[in-house]
Amino acid sequence: MFIVCVCVCRMNPAAQPLPVQDVQGDARWISQHERFVQECKDAEPEVLFIGDSMVQLMQQHEVWKDLFSPLHALNFGLAGDTTCNVLWRMQNGELQNIQPKVVVLWVGTNNHQHTAEQVAGGVTAITQFLISQLPRAKIVVLGLLPRGEHQNPLREKNAAVNELLRSSVARLGPAQFLDVSAEFVQSDGSISKHDMFDFLHLTAAGYQTLSKPLHDLLLQILEETTAAK
């Protein structure tokens, strides 16, 4: 499986592991990565969340405390991350010393320089790497949400990524795809500020909409994992 991941990385720029360049000179990104690596030495998570700001900001809302913290969850979300950055983090210590039962992967909306096919390939490469490193874990790949108040090329691209992932993730054994993007598009095709304050990042209400089906799925997987022992 790892060999497949390496081959994909060479062909697809969105599957090339890369750290974030420290253009601000404050080492913020690498410091956060190092904090995650340290957390792996001290924590015993049952659920691991990995991704960009959509994952990171989840901790600031009640849904994290009410729904996910009780599941012994770790949050390894970093704002601005692309598939390349997440893959680099996973390959450089953020999976060491932990054996989560479930990994939630949510990344790809920041891959502005890549095509939908490349983004989906990058997400798939991360998923393959997770499977190779955590063979006992189940992987939940979250679909990208629509962005922009009205229909636009970025929204069309994210929808295309989701369609590609729907088929590719299904072929990866312990991985499954969860897409709740339709819940955020109103009947006139617009997105409400009630759900996304900047038509990208979620409000507390938006996270509630996302978290209910995700939490239900995580409970189901955890129960099945316990029953299988």
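Reader: Phe 199, is that buried or exposed?
Author: Buried, with a relative accessible area of 16%. The model is a predicted one, and the cut-off for buried is under 20%.

Reader: Where is Phe 199 in the chain?
Author: Phe 199 sits in the loop between strand 5 and helix 8. Its phi is near 65°, a positive value in a residue other than glycine.

Reader: Where is the kink in helix 8?
Author: At Ser 211, shortly before the proline Pro 213. The kink is about 35°. Ser 211 is also one of the buried residues of helix 8, which include Tyr 207, Leu 210, Leu 214 and His 215.

Reader: What do those buried residues pack against?
Author: The partners of the buried residues of helix 8 include strand 1 (47-51), helix 4 (62-68), strand 3 (102-106) and strand 5 (175-178).

Reader: Different topic. What is in the largest nonpolar core?
Author: That core has 36 residues. Those with the most contacts inside it include Leu 48, Ile 50, Val 103 and Leu 165. Helix 6 (residues 116-133) gives the largest share of this core, eight residues.

Reader: What does Val 103 touch?
Author: Leaving out residues up to four places away in sequence, Val 103 touches Leu 48, Ile 50, Leu 130 and Ile 139, among others.

Reader: Which residues are in the other core?
Author: The other core has 30 residues and lies apart from the largest one. Among its members are Leu 142, Val 180, Leu 218 and Leu 222. Leu 218 and Leu 222 are also among the buried residues of helix 8.

Reader: What does UniProt list for residues 49-208?
Author: The unreviewed UniProt entry lists "domain: SGNH hydrolase-type esterase" there. Over those residues the chain is 38% helix and 14% strand, with the end C-alpha atoms 16 Å apart.

How values were computed. Residues are numbered from 1 along each chain as its sequence is written. This is a predicted model: local features need pLDDT of at least 70, side-chain atom pairs count only at pLDDT 80 or more; totals for chains, interfaces and linings use all residues. Side-chain values use heavy atoms; hydrogens and water are left out. The bend at a residue is the angle between axes fitted to the seven residues ending there and the seven starting there. Helices (H or I, at least four residues) and strands (E, at least two) are DSSP runs, numbered from the N terminus. Buried means under 20% relative accessible area, exposed over 50%, partly exposed in between (1.4 Å probe, protein chains only). Contact means heavy atoms within 4.5 Å. UniProt positions are given in the numbering used here, feature names are shortened, and annotations may be inferred rather than shown by experiment. A nonpolar core is a set of buried Ala, Val, Leu, Ile, Met, Phe, Trp, Tyr and Cys residues joined through side-chain atoms within 4.5 Å.
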